[in-house]
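This report goes through one protein model, beginning with the terms used and ending with its charged side chains.

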Amino acid sequence: MGVSFSALSSPSASSNPSQMLSYLKASGQVTSIGTEPVQRVRATHYRATIDYGRYADRVAPAQRAAARASIAALERLTGVHSQVVDVWVDAQHRVRREELTFRECLPGSSGTTKIHLKMELYDFSTQAIPAPPPSNEVT
């Protein structure tokens, strides 16, 4: 449908929930709603309106043309130019929850589909470094 989500994010965004923080930087204003627990961890709840037009200027210069093209396609599908998003961030600046609702109109269909996305992130422990195999098992 013309939307390249990789063009709207950094190369590691699919495995990096902190990418949401870069979207918040593209918003006109971020409002602190307060603190609340997320998975028994105290987190600050933020709400922002992401301006799609401003976001393309936030990605790496080599990605800007692709980001602008994807944003244009996203705006055609959704009919909107901005997105309200709620994000909960813990004291270590880790995104604990992301939540947003949007509508989209798929080509060839009448009406719109409402999508509500809520993602909770947890278990941020340090990843163990695996031991290398014995030298007699490698070539």
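## Terms and basis

Buried here means under 20% relative accessible area, exposed means over 50%, and partly exposed lies in between, with a 1.4 Å probe and protein chains only. The model is a predicted one, in which local features need pLDDT of at least 70 and side-chain atom pairs count only at pLDDT 80 or more, while totals for chains, interfaces and linings use all residues. Residues are numbered from 1 along each chain as its sequence is written, and side-chain values use heavy atoms, with hydrogens and water left out.

## Confidence

The pLDDT, the predictor's confidence in each residue on a scale from 0 to 100, averages 78 over the protein chain, and 78% of the residues score at least 70. Over residues 1-14 the pLDDT is below 50, although this stretch has 33 contacts in the model beyond near neighbours in sequence, a contact being heavy atoms within 4.5 Å.

## Overall architecture

The protein chain contains three helices and five strands, arranged along the sequence in the pattern α-β-β-α-α-β-β-β. These elements are DSSP runs numbered from the N terminus, with helices (H or I) of at least four residues and strands (E) of at least two. Of the 139 residues, 30% count as buried, and of the contacts with a separation of 6 or more, 54% are between residues 24 or more positions apart.

In soluble globular proteins, nonpolar side chains tend to be buried together. A nonpolar core is taken as a set of buried Ala, Val, Leu, Ile, Met, Phe, Trp, Tyr and Cys residues joined through side-chain atoms within 4.5 Å. The largest such core has 16 residues, of which Leu24, Tyr52, Ile71, Val85 and Val87 touch the most other members. Two or more residues are given to this core by each of strand 2, helix 2 (52-55), helix 3 (64-78), strand 3 (82-90) and strand 4 (95-104).

## Histidine 45

Histidine 45 is placed in strand 2 and counts as buried because its relative accessibility is 6%. Leaving aside residues up to four places away in sequence, histidine 45 touches Thr31, Ser32, Ile33, Gly34, Glu36, Asp86, Val87 and Trp88. With the side chain of glutamate 36, the side chain of histidine 45 makes a polar contact of 3.2 Å; such a contact is a pair of N or O atoms within 3.5 Å, where within protein one must be able to donate a hydrogen and the other to accept it, and residues adjacent in sequence count only if both atoms are side-chain atoms.

## Salt bridges

A search of the whole structure finds five salt bridges, each defined as a side-chain nitrogen of Lys or Arg within 4 Å of a carboxyl oxygen of Asp or Glu. In one of them, arginine 68 pairs with aspartate 57, with the closest N and O atoms 2.5 Å apart. Arginine 68 lies in helix 3 and aspartate 57 in the loop between helix 2 and helix 3, 11 residues apart. Arginine 68 is partly exposed at 42% relative accessibility, and aspartate 57 is partly exposed at 44%.

Arginine 96, in strand 4, forms a salt bridge with aspartate 90 at 2.9 Å between the closest N and O atoms, and both residues are buried. Salt bridges that share partners join Asp90, Arg94 and Arg96 into one network.
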